[in-house]
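Dear colleague,

I am handing over the structure we spoke about, and below it you will find my notes on what turned up when I went through it. Please read them with the model open beside you.

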Amino acid sequence: MPTLLEAAKLAGKSTGLVFTCTIDDATPDAFVTHAVSRNDSENITKQMAYSGVDVLFGGGAALMKPKGVDDGDRSDGVNLVTALKAQGYSYVTNKNQMDQSKSTKIWGLFQPWNLDADFDRNPKLQPSLAEMTEKSLSILAANPKGFFLMVEASDIDTFGHENDPVGIISETRAYDKALKVAMDFAKKDGHTAVVSMADHNTGGLYLTNYDSSPSFNDVMHQAKMTNHALRNKINKDGSNLKRVLDQGYGLRSLSSKDLSTIKQEWKKEEGDFSGVIGRMLGQKAGISFAHEDHTSEDVILYAYHPNNFKPSDFVKSGVVQNTDINKYVQYVSGLDLTALAQKQYASGHDIRALGASVTFDNSDKAFPAAVIKKGSVTVRLAVDKNYALLNGQKKLLRISTLLIDNKLWIDRSVLDWIK
Ligand SMILES: [Zn+2]
């Protein structure tokens, strides 16, 4: 089944992904890749690099290069930066390069792994979510057929897991600013719909003490960094821990018992450093967490449409199911995923039905190839790549070749060569 972004691309629209997590993380990947397990990082990132998405900004540069090359961490030896450049992309790694780029096909990965939290980032090197959104819109909006852009403040979830209220505030504020960029664009443009939602809540943050003194605001305003930056500021022996907690995180006048609890967790390899300090800060500010996992309550959905046609109007209900958002976006952007699936994809079964044979050549371990033969025609389709070799000649495809759970999926136009 194609995704909304893939359908938009096939309809001639421009496409973009903006996030603060890594390029192998669930949300961005769900829009362009197809895999049985979300943990299949190296294959997922190969699919990302051949997805044809016009603009991609986020984290995870380490997943682009083999181990031993710069900060690369791939064990399959594949260099995806080279693969992107061969397809005509610009690849940038800091804010200045992003700002200066005039390219209409661009990837920007600004950290080896997740981007730093908005409170913690160096604004000269790492763009904000709002800046990445603005740059994306400036590129994508040039397409008269329109565009599809997904923007995720990925680390609201990360800091929810870590029970870090400062991180949650940092990333929610960053999201709010990015949403303003999208809304300002949509209102001015007049042909753009905006849907804003969460896939779930994380950590179950709740406010517990309305009358606390000092107030929630008084306490939280003193926090200037998340537990990630805090950890980096602590010196080797931990002797500056009290000062760092005081100045950075807003945790003032801690008892020596609390300080030693924090220090213990900080020393452990897998300690609950963020949780312990997050809960101590929460106690002062009147914030509590239910746990460190995803929670099950309904989430809020916001939507903007130039003619005020909202998802709740589409389903004629106050409660909108998550799958209805997909249908709503199809409807308002004139896409039809079911029709597209039938028109654009062919399976191994479809190939054999035409009397052709399919075998696999595994000599390139990173990119095994399906080899289709009928009469004098040989088609080589490297898995995860977006082109075919027709009797040795390179032909660009609109759909990358996929091998999911040992089932082959190819661009249906290939069938024309073996009919
Ligand atoms: Zn999560």
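Two residues are taken to be in contact if their C-beta atoms, placed from the backbone, lie within 7 Å. On that basis, and bearing in mind that this is a predicted model, glycine 59 is in contact with Thr20, Cys21, Thr22, Leu109, Phe110, Gln111, Trp113, Asn114 and Leu115, once its neighbours within four places in sequence are left aside. Glycine 59 belongs to strand 2, which covers residues 55-59, and it counts as buried because it has 24 C-beta neighbours inside 10 Å, where 20 or more are required. Between glycine 59 and glycine 282 there are 29 Å in space, taken from C-alpha to C-alpha, and the two are 223 residues apart in sequence.

Turning to the chain as a whole, its secondary structure comes to 17 helices and 19 strands. The radius of gyration is 24 Å, close to the 22 Å that the globule rule gives for 419 residues, so the chain is as compact as a globular protein of that length. Taken along the principal axes, the C-alpha atoms fill a box of roughly 80 × 55 × 40 Å. Buried residues account for 39% of the 419 residues, and among contacts between residues at least 6 apart in sequence, 62% join residues at least 24 apart.

The chain is divided into domain 1 (4-203 + 295-340), domain 2 (206-289) and domain 3 (344-417). The C-alpha centres of domain 1 and domain 2 lie 31 Å apart, and 13 residues of domain 1 are in contact with 18 residues of domain 2. On the domain 1 side, helix 8 (residues 165-189) supplies the largest share, five residues, and by class that side has six nonpolar, four polar and three charged residues.

Tyrosine 249, leaving aside its neighbours within four places in sequence, is in contact with Val166, Ala223, Met225, Leu230, Ile277 and Leu281.

With best regards

How values were computed:
Residues numbered from 1 in each chain as written. Predicted model: local features only at pLDDT ≥ 70, side-chain atom pairs only at ≥ 80, totals over all residues. Domains from an automatic or database assignment. Helix = DSSP H or I, 4+ residues; strand = E, 2+ residues; numbered from the N terminus. Nonpolar A, V, L, I, M, F, W, Y, C, P; charged D, E, K, R; others polar. Rg over C-alpha atoms; globule rule 2.2 N^0.38 Å. Buried ≥ 20, exposed ≤ 12 C-beta atoms within 10 Å, placed from the backbone.
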